[in-house]
Amino acid sequence: MTKPSRASVTQKSMSLFLSIFFTKKIVRFLFFKFHSYFNQHKVSALAAFLLPFLLLLLSIFIKLDNNNKRRLKAKLAYLYPHVSKPIVTPANSIRIFLQSLYLLLFNVSVKKNAPKNRIRSHYSAKFFQKSARFIRYLDTKLVRSCKRLWLLGSSKSTTQSYQKIASAKLWRNRFLHFMFYGLLALAVVIFVTVPFSLEAQAIFISLILLVSYSLRRVKGQMATIAMITLAVTSSTRYLWWRYTDTLNWHDPLALTLGIGLLLAESYAWLVLILGFFQTINPLHRKPIPLHKDTALWPTVDVYIPTYNEPLNVVRPTAIAAQSIDWPADKLNIYILDDGKRPEFKEFADEIGVGYLDRPDHKHAKAGNMNHAMKHTSGEYIAIFDCDHIPARSFLQMTMGQFINDSKVCLVQTPHHFFSADPFERNLNNHRQIPNENMLFYGLIQDGNDMWDATFFCGSCAVLKRQALEEIGGFAVETVTEDAHTALRMQRAGYKTTYINIPQAAGLATDSLSAHIGQRIRWARGMAQIFRLDNPLLGKGLNIGQRLCYINAMLHFLSGIPRIVFLTAPLALIYFNAYIIYAPFIAIFLYIVPTLLQVKITNSRIQGKYRYSYWGEVYESVLAWYILKPTTVALFNPNKGKFNVTEKGGFNDKARYDWLISKPYIILLAFNVIGMCYGVFRLFFGDTSQIGVLLISMLWASYNTMILGAAVAVAAEAKQVRSSHRIKANFPAAIRLSNGRTMKVKITDYSDNGVGIETAHEHMCKTNDKIELLMSRGKKQFSFPTYICNTRDKQIGLTLRDLNLEKQKAFIQCTFSRADAWLDWQDNFKHDKPSYSFKKVFTTSIRGFNNLIFHAPNQLKPLINFITRAMTQLASLLPINPKKVF
Amino acid sequence: MRKIYLKGIKGGTGATAIVANLACALKKSNTNVIVLDLDPKNDLGLHLGLSWEHNTGWSNYNSLNAALAEFHCDSDGVIFLPFGSEPSRLNELQTVIRDCEQLKVDDNSWLLLDCPAHLDLDHFNLCADDIFLEVVNCDATCHSFIYKRLLKLNQQTNHWQHYFLVNRYNSASELEFDLLQLWQSEVPLLAPLYINKDEVISESTAFRNVAVNCAPYSVANDDFETLAGWLVSRATHND
């Protein structure tokens, strides 16, 4: 209670005035409140005067004792958790307003002290859950019934009748043959070209979508083929519609841009159709056992071409090549050193392999191998890039093909990489997502094999000398000598084969720039072949081979179309150019379902080898860089030289490759600004355009996501170890210094270390010397090792100062094991588009984070400002009340 | 009853330890295992937990029937009969082997015989079903002994299964590594497996037990299990 000791005249008169209306107690309360507001809370005089009256008024309705007040405060803090402390600010007023609105409109559970209620989420979420469950239910029902129907249709009797039809004599009649194809073509033309009203299109496309959606999990190649047929029909229809109905002939700008997009789409369509063709029925070729008598086995030369790679990269390869299971007198290994390095010669002499160098460097790798062919005489030539370490079973798996068919000139095995490629390393998804290579070696090569069009990939392959000599050695005209050589041998009537069993493993490129450099070479080489020795023209190829080759070349021309797709939606947003001149609803009915269907089909075909949306990411990264070299090579095929892919390098610190990511950052900036402008136009632009604008923005945001992921790749991650660790799982043993032994499991290894796991607790300490016992066949090898780290049951061992004999034994026990790379493709589950989308999205977010984290210092204040503004804005949004315990 | 003779090609190859460990490994598959110590050193009991003060065995009695009380059972259930303290003649030894065969046990049970290194093969009446393991170490002496034995085996017709079993193999030693590699390619009767040198085998004797029980995570344990498994396959091969 304050008792005015020196009450001023005003105060006295005031109290006198008030006491007319109120009791003495209330007057004292009013004065007390006034003083506390005015003096302690620094409220203005007028407010301090009025507020006590307001309180008085309120107290008529609400009992405001201390208890109630506390409860009320807690409740308010609970309902408005994000209102900051000085309550009367503009930001808080917005927060309070929005939060009140949110609390009023949505059924938020506000009973705070019942944990059960919190689990029971509010109404809208429940609705979503319910509908999701319903959709899932419908989906499983649909798929199951479709499976049943499909099985009914493809029971044995019908396949027999199919076969009867297929083998009928009727087909021998050429006229009928062509008649049938003609009819088929006519049907397709009708299907594709007949114009539909919007309603008809809606029904048509939804039927197609429904069928292929429900077929997507039915097992069997026939279901795949059915899905492919549907996808071809609808995508062709879509393209027809685009050509006939959607060009704006009255607006020159829109017309030019529209035609550009249309050409890009035509390219995509062509690649899609060819891709379907290529992979329609992958041939999973099996190894053919060799003759029992090894005296009948042919002689094999192993070439290990090298140019500037360090010796420690070549060493394991040469040693592993020596350990290949093949009669020693029929296996000759040669290191083809184009760098003319004396230490390589010394090493070759030391381990007893051949060493060949040559006076010049003409024609790079192809020239090197041609030179070696002159000095060797094996009937077959196995080629390993100097970083590809072969397994001991390599020749056993491959050579049978040659013996089986004398026309076979090449057996290719997949390139497997035990180190993470730049995508995997920088995005930190090694062994979680199939890498870029996987699609080619897992699916496309097997598909090519079906059409007898397996490509030679320059390494991990065996070639027949006779065939090579017939075409005059390795092709030297282009920078991708491998593909060109295979093409020539095929023209000469030879067959190429592919065995999808990884029998060698190597190092992936170790930086994004090196990776891009390699792809640029491939792209340029392919464009060169296209010009110099076009597979569509010339003799000796069948139509299937021609199409497979042309698809491979088209793949590398994806630069321009990809950039067109990444910028197309901006045409409408920035220039208001209707590049797809059609009503909103038509666009919606044609594009979305067609895209969906193509995605579903591709996801089914490529599911195990390439997850949805990642193809776009890989392509976007390369698009800008392969654009120029392919275009140049198309016009002037003889320009440009062979660049060697650098391997075995080491990233010792994390950095951001600004130079390489510049094109994507610019594209990204265009897209982001376009999105902002789009939002602006949504509010202030023409309302009739909202539909198309929304579609464009949706597309642009998808592009932003893809570009974000592309940007994420450019953040070069730090490499922890100088040599790559390879995951493994096989038994071994250790003998401790006290003579005791212990069974262990090898969990990983590299060329100078091993990770092991013991079955129970161990007493090992760092720096202890222990013996590692590993077996290869009947032989047991003992390696002196030191413990470099221990954790629970895990022990890390380093191998030090092994002599050559022990090095050889170590490589035989690890890298060159026949089963070393076999689990490669089985690690991956089948693609789930939604999951994959999530993954790309998080990657994209990571890309943006990287961009901010690595931003140059001049930009830091701007970024800080923007982030602060964003968080400030985000804090205005209403949030769900949460009880804090 | 399946009979396995184990004998060092010379003294000190570690045959007795193998017998004891093998017996326990075989016992783990729930078959009866009877071990007979034929070595006058009388040290098998030490591996199987018998105290050193125990001095009597079958050689102290006139017949097996009289010596029935000398059968012991170790903690795993391996039944064994120590040699005893009396010097015995050859014919007594042959009688005790014959009498042991007469014991009433089921056909699946094993009879392991720990033979002294100094007795030659001729002294055992080996029959076609028997498996004879000669324990060797990877050294030069054993190398010559092996070739001597092979020469002898080639001269006579032998019906039983004869194998050389490498014990205390240490792949870190260059000599042992090379010798084993040589034997693996040249010696026809070399068993396809070997017992690695392992400290736990000698350590477990200090605990009056066998390695199979003392160190379940050791390589020794694995080796003996493999040996047992291989012997089972050999024995069924006989049937």
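Is Ile587(A) buried, exposed or partly exposed? With 17 C-beta neighbours inside 10 Å, Ile587(A) counts as partly exposed. A residue is buried if 20 or more other C-beta atoms lie within 10 Å of its own, exposed if 12 or fewer, and partly exposed in between, with C-beta atoms placed from the backbone.

## About the model

This is a predicted model, in which local features need pLDDT of at least 70 and side-chain atom pairs count only at pLDDT 80 or more, while totals for chains, interfaces and linings use all residues. Residues are numbered from 1 along each chain as its sequence is written, and chains are lettered from A and ligands numbered from 1 in the order in which they are written.

## Chain A overall

Chain A has 885 residues, and 37% of them are buried. Its secondary structure comes to 31 helices and 18 strands. Helices (H or I, at least four residues) and strands (E, at least two) are DSSP runs, numbered from the N terminus. Along the principal axes, the C-alpha atoms of chain A fill a box of roughly 125 × 85 × 55 Å.

Two residues are in contact if their C-beta atoms, placed from the backbone, lie within 7 Å. Take the contacts in chain A between residues at least 6 apart in sequence: 76% of these join residues at least 24 apart.

## The nonpolar cores

A nonpolar core is a set of buried Ala, Val, Leu, Ile, Met, Phe, Trp, Tyr and Cys residues joined through C-beta atoms within 7 Å. The largest such core has 222 residues. Ile304(A), Leu6(B) and Leu112(B) have the most contacts inside it. Helix α28 (residues 690-713) of chain A provides the largest share of this core, 12 residues. A second, separate core has nine residues, including Leu215(A), Val218(A), Ile228(A) and Leu272(A).

Leu6(B) has a list of partners beyond four places in sequence. Among them are Ala15(B), Ile18(B), Val19(B), Leu112(B) and Leu133(B).

## Where the chains meet

The contact between the chains takes 16 residues from chain A and 13 residues from chain B. On the side of chain A that touches chain B, β14 (741-750), β16 (769-776) and β17 (779-791) each supply at least two residues. β17(A) gives the most, with four residues.

By class, this side of chain A has five nonpolar, six polar and five charged residues. Ala, Val, Leu, Ile, Met, Phe, Trp, Tyr, Cys and Pro count as nonpolar, Asp, Glu, Lys and Arg as charged, and the others, Gly among them, as polar.

## Two crossing helices

The axes of helix α13 (residues 311-322) and helix α29 (residues 804-813), both of chain A, come within 9 Å and cross at roughly 75°. Axes are lines fitted to C-alpha atoms, for helices over the stretch in contact, and angles run from 0 to 180 degrees between N-to-C directions. α13(A) and α29(A) are therefore roughly perpendicular to each other. Angles under 35 degrees count as roughly parallel, over 145 as roughly antiparallel, 65 to 115 as roughly perpendicular and the rest as oblique.

From α13(A), the contact uses Pro316(A), Ile319(A) and Ala320(A). From α29(A), it uses Gln807(A), Lys808(A) and Ile811(A). By class, four of these residues are nonpolar, one is polar and one is charged.

Most residues other than glycine have a negative phi. Asp452(A) is not a glycine, yet its phi is positive, at about 60°. Cys460(A), also not a glycine, has a positive phi of about 55°.

Asp452(A) sits in the loop between α19 (436-450) and β8 (461-464) of chain A. Cys460(A) lies in the loop between α19 and β8 as well. Asp452(A) counts as partly exposed, with 18 C-beta neighbours inside 10 Å. Cys460(A) is buried, with 25 other C-beta atoms within 10 Å.

Ile587(A) belongs to helix α25 (residues 584-606) of chain A. Not counting residues up to four places away in sequence, Ile587(A) touches Ile580(A), Ala582(A) and Ile695(A). Leu532(A) is 55 residues from Ile587(A) in sequence and 41 Å from it in space, C-alpha to C-alpha.

Thr798(A) lies in strand β18 (residues 794-799) of chain A. Thr798(A) is partly exposed, with 13 other C-beta atoms within 10 Å. The C-alpha atoms of Thr798(A) and Ser750(A) are separated by 9.4 Å, and the two residues are 48 residues apart along the chain.
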